[in-house]
Structure formats: structure tokens, C-alpha cells
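Then read on and find each part as it comes up.

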Amino acid sequence: MAGRSIIVGVGHYLPERIVPNSEFEETLDTSDEWIRTRSGIERRHFAAEDETTSIMATKAASAALADAGLAADDIDAIILATSTADLTFPSAATMVQSQLGMTKGFAFDVQAVCAGFVYAMTNANALIVSGQAKRVLVIGAETFSRIMDWTDRSTCVLFGDGAGAIILEQHEGAGTSDDRGILATDLNSDGRYKDLLYVDGGVSTQSTGYLRMKGNQLFRQAVERLTSTAETCLEKAGLSHEDVDWIVPHQANIRIIQGTAKKLGVPMEHVVVTLQDHGNTSAASIPLAMSVAKQRGQFKQGDLLVTEAIGGGLAWGSVLLRW
């Protein structure tokens, strides 16, 4: 027998305001066709002025709790992946804990930019397998609209706001790749590539800063590293790309998604794609896509899912799980 972390609930939240590509034509030298062709994005959601990361995270978490039929105090821990927390401290996760009315357990943030949710899931799995928690609420939430340079057409048209959440619960498995739940994880980072994606401000410089990206160089790194980490996860579990039912990728760019799927030998009809409606929501994109896919009825129990993401750091990784 082996302890496994099984997804028992999913949920998401998107701000009310929808921003189509055409809105950027009013202020930038760009067009709907230019944005669609280069990214696959058609629209995205932007948070309202009084809508923060913790507020969106709480709404996604509440949806996941409802989906699982659980109450806040059934949860032992909250891990929130975000690069856009409400405050320097305390963590946005503790704010979610308070907003949910959760009076026990512990909560903390994970910051690995777009790879944050993969990092958070891996940490949650470790807590469960080691016996430190039975149920962990794992959230990805971002308000990237607050760190956009609205004069930079190469970045500001790509990102959106939103939140997604899952609940991982401890179950016993046989210890084989047929078990439900998380079967393998793989995390990586390489700080030599910091300049490919970063924000040019922070606490120690007493500035918020704006997101900066070298898109072409990042693209070349992304496909290779996402393919490699997914293959590593499959190898750890003794499985191959032929066993994969769904890829649930970080929703950054349709060409990255297509390139990674091709290298893994998985047809695009088995890849969950939501970026046309949400843009790049960074750490929120994978749980958001999971929740949308479940609503669409795309997953069935026993399906093998690969999730993979890469973000600033560079930080990248993957999680292999059986639904």
C-alpha cells in the first residue's frame, strides 16, 4: 500500500470584466489578428479595481470546496501559488484562510511565477504523503494586470487575471501506476535565465515595477524544457507518452502548447486549451484549465493527466496524476 494524493474537488473564478483583443487596438500598434496569430489569445479577464488576488483565490477555493462537498475546517493546509500577492506580507494564503473562515491548520504562499501551481501541487503532495496533512487546498491566483506596461505591446496583450483551485486528499493506493492521484512530480530551476522573464521592481528597490520578457528566447527554452520535465515524470512512473490521456499545460502561448504536445506525441485533441478565453494567467492557468475541462466533461475517472509549466526564474516542472 502507498499513500496517494487524489483530487477530490476543483473550482475557478474569473473577474467579470472581459477584455477582447480589439480593445488594445485603441491604444497600441496592434490588432486582433496580430495577437491571435502570435499567441492564440482572443480575450482575457481583468480584475476590478477593488478585486485582489486573495479575493479571487477565495472564490476559486469556495468553488472547489463546494465541488468536493467539504467545509473550510475539513482542510488541513492551504498553499497559494502567486507572484501578485495583495501585500508584501502576510501571505495571501493566510488571507484566504481568514476569508474562508478556516480556524485551524496552516497556510503559505509559493512564488515560482507561471510554474507556481506545479510547485504548489508538489509541496502539497509531499505534505500528504509524509502524513503532515490529510487534505490540502492548492490554489493558483494572479492579478497580472497590475504589473503590465500598457505601452509594451509584446507583453500587455498576453496576460489576464483569475484563480483556480483543487483539493488534494490522502488515499491509499497499491503503489502502482494504476493508482489514482499524483504518481510523479518533477521540479527544476535555473537562475542564469532570469533576464528572459522578470519584473523590474520589488520590495528592496521600493518599486512595483513592470513585467519584462524576451519572448523569442523564452519560447526556445520553453518547448524543450516542458517536454523534458514531462518525460521525466512519465519515466519515474514507468509510463510513456502513449499512456497519456490529457495534457493540461500552462496556458502561455498556443505555439508552445502545440510544440510541446508534438514532441510528446500527444494529439492536440487530447490537450486542454483555454488560453483563447483567459490569456496567460500565470500560476492560475493550470487549475483554471482543470476546472473548465471538468465542467466540459473532458476527464473521466482513471484518465492519466500530465500538467507542465515554465515561468520566470527560470522555473519549470510537471506533475503526473491519474484523475
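First, the ground rules. This is a predicted model, in which local features need pLDDT of at least 70 and side-chain atom pairs count only at pLDDT 80 or more, while totals for chains, interfaces and linings use all residues. Residues are numbered from 1 along each chain as its sequence is written, and side-chain values use heavy atoms, with hydrogens and water left out.

Start with the sheet of five strands. It is open, its order is E1-E7-E6-E4-E5, and its pairing is mixed. Strand E1 (2-13) and strand E5 (106-110) stand at the edges with a single partner strand each, so one side of each has no neighbour in the sheet. From one strand to the next, the twist averages 20°. Helices (H or I, at least four residues) and strands (E, at least two) are DSSP runs, numbered from the N terminus. Two strands pair if DSSP finds at least two bridges between them. Axes are lines fitted to C-alpha atoms, for helices over the stretch in contact, and angles run from 0 to 180 degrees between N-to-C directions.

Now step through the pairs. Strand E4 (residues 77-81) and E5 run parallel, joined by five bridges. Ala-81 faces two partners. It stands opposite Val-110 in E5, and Ala-81 also stands opposite Gly-140 in E6. E4 and E6 are parallel too, with five bridges. E6 and E7 pair in the antiparallel sense, over nine bridges. There, Glu-142 stands opposite Gly-162 in E7.

How many of the residues of E6 are buried? Nine of its nine residues are. Buried means under 20% relative accessible area, exposed means over 50%, and partly exposed lies in between (1.4 Å probe, protein chains only). Arg-135, Leu-137, Ile-139, Ala-141 and Thr-143 point one way from E6. Val-136, Val-138, Gly-140 and Glu-142 point the other way. Helix H2 (residues 53-68) lies across E1, E4, strand E6 (135-143) and strand E7 (161-173), at about 120° to E1.

Next comes a sheet of four strands. It is open and mixed, in the order E8-E13-E12-E11. Its edge strands are E8 (181-189) and E11 (246-249), and each pairs on one side only. The twist averages 15° from one strand to the next. Helix H4 (residues 116-129) packs on this sheet and touches E8, strand E12 (304-311) and E13. Contact here means heavy atoms within 4.5 Å. The direction of H4 makes about 125° with that of E8. E8 and strand E13 (residues 315-322) are antiparallel, with eight bridges. Asn-188 stands opposite Trp-316 in E13.

Now the pockets. They are found on a 1 Å grid over the protein atoms alone: a cavity is a set of points where a 1.4 Å probe fits but cannot get out, a pocket is an open set with protein on both sides within 12 Å along at least five of seven lines, and lining residues have an atom within 4 Å of a point. Grid points are joined across faces, edges and corners, and a volume is the space filled by probe spheres set on the points.

The largest pocket holds about 820 Å³ of space. Of its 29 lining residues, Ser-83, Thr-84, Ala-85, Gln-111 and Thr-208 are the closest to its centre. Strand E9 (residues 197-199) gives the largest share of this lining, three residues.

The second largest pocket has a volume of about 530 Å³. It is lined by 26 residues, and Ser-154, Leu-158, Met-213, Gly-215 and Asn-253 lie nearest its centre. Which helix gives the most to this lining? H5 does, with five residues.

Last, the backbone. Most residues other than glycine have a negative phi, and most peptide bonds are trans. A cis peptide bond joins Phe-89 and Pro-90, with omega about 5°. Pro-90 sits in the loop between E4 and helix H3 (92-100). Another cis peptide bond joins Gly-313 and Leu-314, with omega about -10°. Leu-314 is in the loop between E12 and E13.

Val-113 is not a glycine, yet its phi is positive, about 55°. Val-113 lies in the loop between E5 and H4. Ser-282 also has a positive phi of about 55°. At 0% relative accessibility, Ser-282 counts as buried.
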